[in-house]
Amino acid sequence: MPETDDIRRHFELVELALDLGLAQFWTGHQKMSAVRLRANHTSPGADGRPTWSAPNDRDLDELTLALQSPTNARAFFDELLNPDWFMPLRDKNLIKAPDAPTPVETGGVTFPVWPEGGYLVRIAAERPEDVTHFFLEVDLVGNGLAARQLVDAAIALPVESAIRLTDLVIAAAWEDGGWLNPERLVAFAERLGQASSKTAMEQLVLTLFGAPSALDDYWYKELLPRAAETLKLALGPAAVAVLADLLHDHMAANERDQSRGWRAEIAHSREDYIFEVGNALVDATRDLSLALVRAHPDSLQAVVDALLVPAVRTGASTRIAMMVVAEAIRVGNPSAAVIGQALLLDPAHLAWEYQPEYSDLGRLVLAGADQGVADAWFAIVESDPELANADEETVHGIAARFSEVDASDVTDEHVERYRRWRVRDHLALMEESLSAGLAARLVALDEEFGARPPRGPWGPTVTSFVGPTSPKTADELEAMTDDELMDFLQEWEAPDAASFGPSPEGLGRQLGVLTERRPERLCAQADRIVGLAPTYLRNIVQGWEKAVRAGGATMDWEQALGVGLFAAQQPDEGDIRYDFGEDVGWRATHQAVASLLDASLRLAPGTAPGAGLRETIWSIIVLLAQSPDPSPAREATGGMDAEMTSINSVRPYAVTAAVMYLWWLVQVGLITRAGDPDDTAPEVWELLTRHLDPQIDPSPATRASLGTLFPFLASVSPSWARSSADLLFGSGGSEADALRADAAWAAYVRRIDPNPLMLELLGGTYRERLQRHSSAEDTKSRESAASRTAEHVLLLFINGHVELDSDDQLIAMLFNSYGPQELGQVLGHLGWLLSRYKGALRADQVERLQKLWEWRRQVVDDGGDPAEFAGFGWWFRSAAFPMQWAASQLSHAACNGARIDGAAEIVKVLAEHAREVTSDALTVLESAIDTREPWEAHWVGANSAPIIAAGLDSDDASVRSRANRVLQTLGASGLITLLDEVNALRSGSPENPEDSTAPEGSA
């Protein structure tokens, strides 16, 4: 037919055009490759060092055509090493500026690769002027990848050239959206520290560690010590002033000096608050100051002066100065005592904010000083500058609180008495070093004011509630008779809550300690316990529970459960905010009773409650299972997931206790497993079925409890489990139904190991979950329901309960429902499990895993997404597979473009087997460094020497060539000792000496 002939002719024309295009592409590619080989060829120079040659006109003409292809451009510049080609290529406009970031439809941007940048990094050391001039002219247009190459080139440049790029690096640091490596920025600061002028280095340090900072808190804390060392080497004692300035600026950014509040002591203390930037600055300034003075004792005065410069002086820097001087006195620094006396006799330093370091310094100074210094110090103490400078109203207000009188009733004697109390405090701080006269004054003041509290540790300056306190310790309660104890609990009244004094909760906790020690004693007082306040009763119940869970407790269960029944009968107060001083109702006690029941019913026969208490136990469960806690409002706003809510609420815990009641019935021989529900505690099955009705119990937390316990329920009554599985795990028709089902399923897959019995009961649920899987579900965390569901299916497959092509289609559903990225994460989680497995896998398990992987490999080979290969790194690191097979699969994945997780660790393992799997190991190494930025490649290549050495020793010329290229690339990334490491591992002289010749300036 004519139409068919037309189609055939058109098809032939298209085919011819494609052939011509491909031929042209491959011709250009081959010419470009030939040019690159000529460019990288070296000849021995007169001094024996390799020399380069410049390009000729033919080379440049061929490149002009070939480099029009971005693929060719990347292939050419990624492997170009010859610095003599830079200017000819630049003159021909063949070295281009980076492209601007490209917006992504889903949001954000992607940074186009700039292969020319890698070439600039490699030749920076040999052509510093050309490279510097180019970066000063080119616009990086916000390209984060190009900014990385700017930093790498700046580090490679001679320092005087590097200085000229400082402003560009600083601008890139401020623009950075997380693409720059902070460690490389600090490495650049280290480079700048080698210059004769330190201004550029200080500018960069201020950018990285000033206020505001270009770094996040994590990197700030991690890298500041390294920057401080750079400052020390470059500036000496003047470095202290830089850090003190940074400390001052960060405090100024917070409007005032609050260092004593979050930093109890300059030395590390458990009382310190978590303030990453502030603590990092204090630590760095302290450590730098101490290191300088230890290394150069005569620098002490300069260091102290730098810390106390008025423009940057803070409470923290002053305390650091005191600490440094105290350390210097201890090691016998000859000038320390005089400097310490000056600090001690500064009236401003008597203020409370300096006390930890001031008192330590003062004891050292006074111990070695003459009486004149002690008298001068005491004169300052008696004058009390801080109080003397306060206005009369403030002084009277403080004295009123101290003497517990109204401010209007304060007299001069009240004020004077408060002054004497302050003097006593200052003397007490120096007690070990006081002269005889001052020690006598302290004794007299102690007699006036009574015993002093123990000194230290130094706490924060802000007022905070640190926990309930008790009027009696557990030991004191234990020493009472039973009548005295009960009378005290009934009669003791707490002081005003605003005083932060002893509280019912504090007393209750001590009572709980006593109960845990002697559970039987409180059981004997059961008839009197029920008359106590809820706070005390709850703590007694919690004490019993702790004793039971610790094991070995002797319990009178009839008495203890009688108390529990009484508590369960008390009304719930509703969602009322808990008063930390005491319980406002019975809800907390209800939860404690449910927890005690759960613990008691898990005990072995003989220590668990006896069969005669069945009615009491069930009565408690029924009452607690009617609790309104958790309410829908609490679950919606409580901030906890369903599982966490289930163990922090009454009703779900009561349902858990009902299931443990079944366990107890089995243990004491009242029922048997696998019977009909009507024959095995019908009251339990009726209660559980009722709580599966959303009209009665709408709580996802209750479903989470039952999801965790479902396998045991199935073992006791398979028929109930079959009839109830869909009620528990089925998604239903509404959003609320789906939330409840999701909670049950998440608890089940997280807490239960997959097994064939559950597969039989829940096979339909597994399939439904896989089919319903949404890409919005998180698979990055192994604990997510999506990850755990996939893990269950894979483990069932490994153990032979599911086949790749079995009728249930679970494996097919998994790989069809999850996306490539998610599969990479899921398979990675499985590999992580394999790596943590203590024993050896059975041969059939290994065979099944290999079969699974080879199936997925074929899918990718047929056009699938290689992203799912990312997780194979964990399979490889598990050492569960034969090395030849594992290395081959890893190599294949790398060749397909997969970015394998954990490349550095993988290379380390491959290096141990480099002679066994040379080509595959080399392929993985090549991929790892080619798909990562230079700073990442640097770490990946740190353990690569055995692989490269094995490659260079290979009989295969292509393997030797690849090994040499990797050596050159890693050498250019900064692994300057790699060539020596490789040569030390070589088995003999290479067939082609040029194969292991690294150009000057690389390795």
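Is C895 buried or exposed? I looked that up before anything else. C895 comes out exposed, at 58% relative accessibility; the scale I use calls a residue buried under 20% relative accessible area, exposed over 50% and partly exposed in between (1.4 Å probe, protein chains only).

**Ground rules**

I am working on a predicted model, where local features need pLDDT of at least 70, side-chain atom pairs count only at pLDDT 80 or more, and totals for chains, interfaces and linings use all residues. I number residues from 1 along each chain as its sequence is written, and side-chain values use heavy atoms, with hydrogens and water left out.

**Cysteines**

While on cysteines, I checked for disulfides. A disulfide is a covalent bond between the sulfur atoms of two cysteines. I asked for a pair of cysteine sulfur atoms within 2.5 Å, and the count came to zero.

**Whole chain**

I find 53 helices and four strands in the chain. Both are DSSP runs numbered from the N terminus: H or I over at least four residues for helices, E over at least two for strands. Of the 1003 residues, 50% are buried. I get an accessible surface of about 45,800 Å² for the chain, with 52% of it on carbon and sulfur atoms; the areas come from the Shrake-Rupley method with a 1.4 Å probe, and for residues only the protein chains shown count as cover. I then took the contacts (heavy atoms within 4.5 Å). Among those with a separation of 6 or more, 71% are between residues 24 or more positions apart.

**α20 against α23**

Next I looked at a helix pair. The axes of α20 (residues 371-383) and α23 (residues 412-429) come within 9 Å and cross at roughly 145°. My axes are lines fitted to C-alpha atoms, for helices over the stretch in contact, with angles from 0 to 180 degrees between N-to-C directions. The crossing is right-handed; handedness is left if the near helix is turned anticlockwise from the far one by less than a right angle, and right if clockwise. Which residues of α20 and α23 meet? On the α20 side I list W377, F378, V381, E382 and S383, and on the α23 side R419, V423, H426 and L427. By class I count five nonpolar, two polar and two charged residues in this contact. Nonpolar covers Ala, Val, Leu, Ile, Met, Phe, Trp, Tyr, Cys and Pro, charged covers Asp, Glu, Lys and Arg, and the others, Gly among them, are polar.

**Buried spots**

I checked α51 (residues 945-952) and found seven of its eight residues buried, so this helix is largely enclosed by the rest of the structure. The buried ones are A945, I947, I948, A949, A950, G951 and L952.

I went on to L830 in α44 (residues 820-836). L830 is buried at 2% relative accessibility. Setting aside neighbours within four places in sequence, I see L830 in contact with L794, L795, I798, L849 and W875. L830 and A790 are 40 residues apart in sequence, yet their C-alpha atoms are 9.2 Å apart.

T765 belongs to α41 (residues 756-772) and is buried, at 10% relative accessibility. Not counting residues up to four places away in sequence, I have T765 touching F729 and W745.

V312 is in a loop, between α16 (300-307) and α17 (315-330), and is buried with a relative accessible area of 10%. Beyond its neighbours within four places, V312 contacts A244, D245, H248, A306 and S317. I also noted V312 and H248 at 5.4 Å, C-alpha to C-alpha, across 64 residues of sequence.

Most residues other than glycine have a negative phi, and most peptide bonds are trans. I looked for exceptions.

A211 and P212 are joined by a cis peptide bond, with omega about 5°. P212 is in the loop between α11 (199-209) and α12 (217-235). D629 and P630 also have a cis bond between them, with omega about 10°, and P630 is in the loop between α33 (614-624) and α34 (632-637).

V141 has a positive phi, near 45°. I place V141 in the loop between α6 (128-137) and α7 (144-156), partly exposed at 31% relative accessible area. A879 has a positive phi as well, near 60°. This residue is in the loop between α46 (872-877) and α47 (883-895), and with a relative accessible area of 66% A879 is exposed.
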